[in-house]
Amino acid sequence: MLKFIVSRFLQGVTILFVIVTLAFFMARLTPGGPFTGEKTLPPEVLKQLNAHYGYDDPLFTQYTNYLGRILHGDLGPSTKYLNRSVNELIAESAPVTFQLGLFSLLIALIIGIPAGAIAAVKRNTKLDYVPMSASMIGICMPTFVMGPVLALVFGLWLGWFNVSGVDSFADLVLPAMTLGLYYAGYVARLTRGGMLEILSQDFIRTARAKGVPERTIILRHALKGGLLPVISFMGPALAGLISGSFVVETVFNIPGLGRFFVAATFNRDFAMIGGTTLLFGVLIITFNLAADIVLALLNPKLRHR
Amino acid sequence: MTRIKPDDPIVEVLQNVEKGASLWSDAWHRLCKNRMAVMSLCIFAFIGILSLLAPWISPYEYDAQNRSYGAQSPSAAHWFGTDTLGRDLLTRVLYGGRVSIGVGFLATAVSLIIGVLYGATAGYKGGKIDAVMMRFVDILYTMPFIIFVIILMVIFGKQFWLLFVAIGAVEWLTMARIVRGQVMAIKQQEFVEAAVSLGYSSPRIILKHLIPNVLGPIIVYTTLTVPSVMLLEAVLSFLGLGVQPPMSSWGLLIKDGAEKMENFTWMLVCPAFFFTLTLFCLNFLGDGLRDALDPKTSAD
């Protein structure tokens, strides 16, 4: 088990290195630098600026300098927001995105798991068909359709929520619903599939024959096994929540990481692109690793692979 | 002894036995019995054909502006209304469908070619080659690809062909895994052995013998890739990174509609409806095909 964790950890570090390198060179390939804006700067000013940020060094020197700074936890200065470091900007915007992500995940689990469990237990009845059709709609409705529709109905028509910006917790409800409902559909389908597989196995029949109450069978045995696919889905789901955050933060005008990243690529803000990419990479890899470890702990068959 | 009545289901089965129903016609029959899948196929074909024929059947040009009129709600002249520049929305939705469905199929084709060849090679070669090739896929899986697609679109931006390459390059991974698994499962069979002993080259065995025998799962997964590709294209267009105006795509139209939904609700509703309906149909069709082609692993 320890060997498994160590090898996966080393793999994760390697991937992070590749991600940082790719992001660095891809951003530098961009035609137009960080200082090509609407007004052209005089050449001497441009030269000064490039020298200040070290963008006049040879590319490889820039790269090694950059790696060195990252290892010291310094993501560099932003070129778009003067005198601000990327660390500061990320520290400001990340909490919003994290809250949003966590809240959406919670919504997805709270709605998805019970819906899937009920559908599995009441298989081929209305209680199965209705939630499963609803989950299909949730999956097929992209976030950038769901978001505006929710904003239109609950924000503009009913006036229950604000549709732009985040000042209070209530402002997170619509964006979190947008992302959460989408994943609730997946979670429900996975829970149902996992539980059906367990419920058809022999040990369930044995338990029933022994007279174990149906409630215990469902909660203790079936649900535990049924949640395995949901847990392994958590890693990719987090990656999805991040890419979802690009869209949802744009729709609801939320000053989070996703919007910062898209803006940074448009502005050619090299340090900002690198910093956000690194953070996303760390998050995705950590969550994938965590999901794998939890799975291995829950499922003895996987433990020795 | 009871006599078999002509409408007894067993009659059909017996007739099939006599005819020796092939795998494909068998699958086709199963698909036809799945009402949702058939309906999905029909609706999707309808939307697809309308979009394809858009330049000939639409009375308006997709970029013909009529500023004096502005945004108009749906009427007899403009069934879906017009956008803020006075362009006919139905026309733009149909043209958008051409782009979205077109990107969907072409990018899927890119991912199909890469994924099938890669997966089949890894599966057939096995051993070290397979281990290295699949390790590479595992690593790519954990990359935050959407980020690189976004950077790529910004760098080379506004180039239409790049959209296919970028999306296709992301979507081939799962296909490679599926095909590899299938090839591993059948490569021990006699017909492969026979091909090897006849001295055929590996590429020939892979292309002519292995791939045709794993077509079922490939078709199923391709059907499910198309909607996810369309979704990615729409996300990029929605963020302003994909298809550029005055061209239209569903992602772009939805972005436009979302900005103006407060006053002109129909601008959001029409493209969103078409897009969601198409995704819905393709997903149901994919599920139906899975049940039809591979009854063992059907959804429940």
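Among contacts in chain A between residues at least 6 apart in sequence, what percentage join residues at least 24 apart? I looked this up and found 74%. Two residues are in contact if their C-beta atoms, placed from the backbone, lie within 7 Å.

I note that this is a predicted model, where local features need pLDDT of at least 70, side-chain atom pairs count only at pLDDT 80 or more, and totals for chains, interfaces and linings use all residues. Residues are numbered from 1 along each chain as written, and chains are lettered from A in written order.

Next I checked chain A. I found 13 helices and 0 strands (DSSP runs numbered from the N terminus: helices are H or I, at least four residues; strands are E, at least two). Its C-alpha trace spans about 85 × 55 × 30 Å along the principal axes. Of its 305 residues, 40% count as buried (20 or more other C-beta atoms within 10 Å of the residue's own, with C-beta atoms placed from the backbone).

Then I looked at helix H2 of chain A, residues 43–53. A:Gly54 follows H2(A), with a positive phi near 75°.

I turned to the contact between the chains. Chain A gives 35 residues and chain B gives 29. On the chain B side, H13(B) supplies the largest share, 8 residues.

Last, I picked B:Ile150. Leaving aside neighbours within four places in sequence, B:Ile150 is in contact with A:Val262, A:Thr265 and B:Leu241.

Definitions and conventions
A residue is buried if 20 or more other C-beta atoms lie within 10 Å of its own, exposed if 12 or fewer, and partly exposed in between; C-beta atoms are placed from the backbone.
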